[in-house]
Every structure is written in structure tokens, then in C-alpha cells.
Amino acid sequence: MAGLPQQLLVLMLLVAAASVGGNLVTTSAASQPETLDQMVVVGGTVKLSCKVEEPDNSSLQWSNPQQQTLYFGEKRALRDNRIQLLKSTPKELSIAISNIMMADEGEYTCTIFTMPVRTAKALVTVLGVPQKPEIIGYNGPFKENEKVKLICKTFGSKPAAQLSWYKGPEKLEGAKSDVIEDPVKKTFTVRSQIEFVVTQKDNGVEIVCGVEPQQYLNGHSSTSVTIEVQYSPTARIDAYPQIPREGEKLRLQCDGTGNPSPQSYSWEKEGSDLPSQTSQVDNTLLFLFLNRSDSGTYLCKASNTLGTFVAKYRLEVNAVSISPLPDPSPVPSTSTIDHAVIGGVVAVIAFILVGLIILVGHYMLRHKGTYLTNEAKGADDAPDADTAIINAEAGLAGGEDKKEYFI
């Protein structure tokens, strides 16, 4: 490789060319070269350009931070295939360095060999891309109301990465970060620690640790873990049918939720034993034939490894309904039908009797009349019946009629 001795050789040649008759000629007509600082991500490509307005037939040269010549004019001086010539003219020398590494960071020098020699510096800053973060501290399910601690770690960043935490869509605040610099690689390792209390609602929630977007990154890198939270059960009791009736079957079903799911169910009747006409199958209590004596409060106990929940159901058995809601399809009872029939028959009979009474009264009024009877005058004075008859025949012609009325 060509290094500092080559630069001295080039300088000596220029000095010799500028000497006339043993006198040193100063070429002050050349202007100052100009460069620009560059920023590049590890693995990327950086372009270095050096320009001069008045070259005065002098050559331009690029050197790396170790003062090794990269290009002198259009001639390659350092055998590094990553370095390519882009443009070489008296006024400009441009090169490109691909697959940039952290070791390539530093000041690059553009030199124009005039008398005096003039230089310009270009600072190349190499940025380290943080590696995909890793979440440490989750080894299994958490328990409800437990305070948990998670750690997120990333390395290879430059400058030091900034890490943020999210629980679902909610950003978690209060994280503590530590930054450790690698003096050899010139990069940083960042650790972020977050603490929070988990609840039942956090079961199945995604916890995300991500690198905050920076200008030199396309988007941002993140990692996540879905946590499991165990919690004690809850339960509720439903009746089937919803409107049970005396003499019918009834099924009480106790549905429990929890993590883990309830492993056992037990039934009790508050204040007494369960009715004899019941059977228990897992989370179900079955009444084969409902009686009014079955009324009362029934308890279902749902249990898992974290606790037990007691659900209550008030059962009121009667001939109508145990629900305050009206029956959408009432069924008439047999006693209601009998009373209606008897009432109808009595009404018909009463109607017929009234009609008969009216007809008989009407008939009697139409046949009302006068009836005549003959009584002999003086019959009251006759000593016996024969005498009365004789007297009556004698006075029949001249006697007055006696009227008698029958109604």
C-alpha cells in the first residue's frame, strides 16, 4: 500500500518541477480546495468530493484518517476495492467508499500540491443502526395484581438509541435506561427497564419495546411479547326455561370465567339441603319436578387455583311464574274453563225460565172471563136440600142473576 512516503515523493516531484535555475517558484494562483462533511449509516456508501476553482495545473489527492493516500488524481493509491473513483479533473476529485464500517469514521483530507500545499478536511460520521431489541423478564404467566419488571436491550447503536414501551396502544411511562459505550466498536448498548402492575384486563395484551424513529433510520425496529395474566374466577347462573312452572323441569346452569378456567363447580341451597328431586352434572343443577318447597336461594361455587367465586340465584316456584316479566304465551288452566262453561249453562237456563213465565202470564191474561151460577133465592131458608131445589125451580124464571168472577 502507498502511504506517507508516497506523499513525500509526490511533493518532491512538484518542488523539482517548480524550480527554475535553482530558484523555487511559488504557485500562489491556485485557490483553496473545498469539501463537505458527510454522515452515513454502517453498511452504506459515502461520496467524498473535493473541488477547486483555480487548480493552476496542480493535482488533487484524497487521504484517509490514517493519512494513507486513496487517490492521486485518477490513480488508485490504496488497494481497497470498496473505494471507487467517480470523477477526476483539474478542478474536481470525487471518490465513493461503499460498505462503510465503524473503522472508516474520521477526517478525510483533500490536498492540492501547490506551493504552499493547501488542504481541506471532510469529517465522515458513521452511524450505528441499533439491533432488534430483546425483551427479558417474561418467563411465564403473571398473577393478577402482581408488580412485574421487564427489561429491553439493544446494542450496536450510534448515537445511543432511545427505547420506548407500549402496553397495547398505551405508552408506558417511567422506564429507566442505562447506556454502555463500547470503546472498540464505538457503539452503544442500551438497557431500558419498566415496572407496572398487571390486572385481569392485561391478559393477552401485547407489550412492545421499540427504538424511537431517528432521521438516519428507515422507520424503527421493535420487538413484542404477549403476556398471560392468571386471575380468580367469576360466575353467573342462568335458568332454562327462564319462566319455570310448578310441576315442570328446571335447569340451572352456572357459567364461570377465569384464567385458568374453573376446574370445579359445587351447588348448595342456602339454609337447607338440596331438594331430593335434583341432580348435579358439572356446572348444571337439574330439577326433575318443581315443587313450591323448592323455592329459595341457590349457590354455585366456581373454583380455580387462584380462588373461588360464589354466584347466587333466587328461585320462587308458584303456579304462575317466578319472573317479574309477563308470560308471552299464557296457558289457561282447567279450572278457568269449567267455571266459564257452568256460568254459560246457568245463564241459558235462567233465560229459558224467564221466557216461560212471560208466555204463561200472557196466556192467562187472554183467557180472563165471567161465569154465571144459578142459586135459588131463599135457599138459605130451606130446611134441607130437596126443599131448596123445589124452591129454586119455582123461582127460576124471576130470580136475579148472580155473577161470580174467576181469575
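**Close-up 1. The disulfide between Cys254 and Cys300.** In this predicted model, the sulfur atoms of Cys254 and Cys300 sit 2.1 Å apart as a disulfide. Cys254 belongs to strand 22 (residues 250-259) and Cys300 to strand 26 (residues 296-304), so the bond ties together parts of the chain that are 46 residues apart in sequence. The link is left-handed, with -90° about the S-S bond. Both Cys254 and Cys300 are buried.

**Close-up 2. The disulfide between Cys152 and Cys209.** Here the S to S distance is 1.9 Å. The pair links distant parts of the chain, with Cys152 in strand 14 and Cys209 in strand 19 (residues 206-211), 57 residues apart. The torsion about the S-S bond of Cys152 and Cys209 is about -90°, so this one is left-handed. Are the two ends buried or exposed? Cys152 counts as buried because its relative accessibility is 0%, and Cys209 is buried with a relative accessible area of 0%.

**Close-up 3. Strand 14 and its partners.** Now for the strand that holds Cys152. Strand 14 (residues 147-157) runs antiparallel to strand 12 (residues 134-136), and three bridges join the two. Strand 14 also runs antiparallel to strand 18 (residues 187-197), this time with nine bridges. Ile151 is a handy residue to look for: it is the bridge partner of Ile136, and it stands opposite Gln193 in strand 18.

**Close-up 4. The disulfide between Cys50 and Cys110.** The two sulfur atoms are 1.8 Å apart. Cys50 is in strand 4 (residues 46-51) and Cys110 in strand 10 (residues 106-112), so to speak a link between distant parts of the chain, 60 residues apart. With a torsion of about -75° about the S-S bond, the disulfide of Cys50 and Cys110 is left-handed. Cys50 and Cys110 are both buried. A search of the whole structure turns up three disulfides, and counting bonded cysteines along the chain gives the pattern 1-2, 3-4, 5-6.

**Close-up 5. The second largest pocket.** This pocket has a volume of about 160 Å³. Which residues line it? Among them are Asn57, Ser58, Ser59, Leu60, Phe72, Gly73 and Lys75, along with Ser88, Thr89, Pro90, Glu92 and Leu93. Strand 8 (83-89) and strand 9 (92-97) each supply at least two residues of the lining. By type, the lining divides into four nonpolar, six polar and two charged residues.

Definitions and conventions:
Residues numbered from 1 in each chain as written. Predicted model: local features only at pLDDT ≥ 70, side-chain atom pairs only at ≥ 80, totals over all residues. Heavy atoms only, no water. Pairing = 2+ DSSP bridges. Helix = DSSP H or I, 4+ residues; strand = E, 2+ residues; numbered from the N terminus. 1 Å grid on protein atoms, 1.4 Å probe; cavity = no way out; pocket = protein on both sides within 12 Å on 5 of 7 lines; lining within 4 Å. Points joined across faces, edges and corners; volume = space filled by probe spheres on them. Nonpolar A, V, L, I, M, F, W, Y, C, P; charged D, E, K, R; others polar. Disulfide = S-S within 2.5 Å. Buried < 20%, exposed > 50% of the residue type's maximum accessible area, 1.4 Å probe, protein only.
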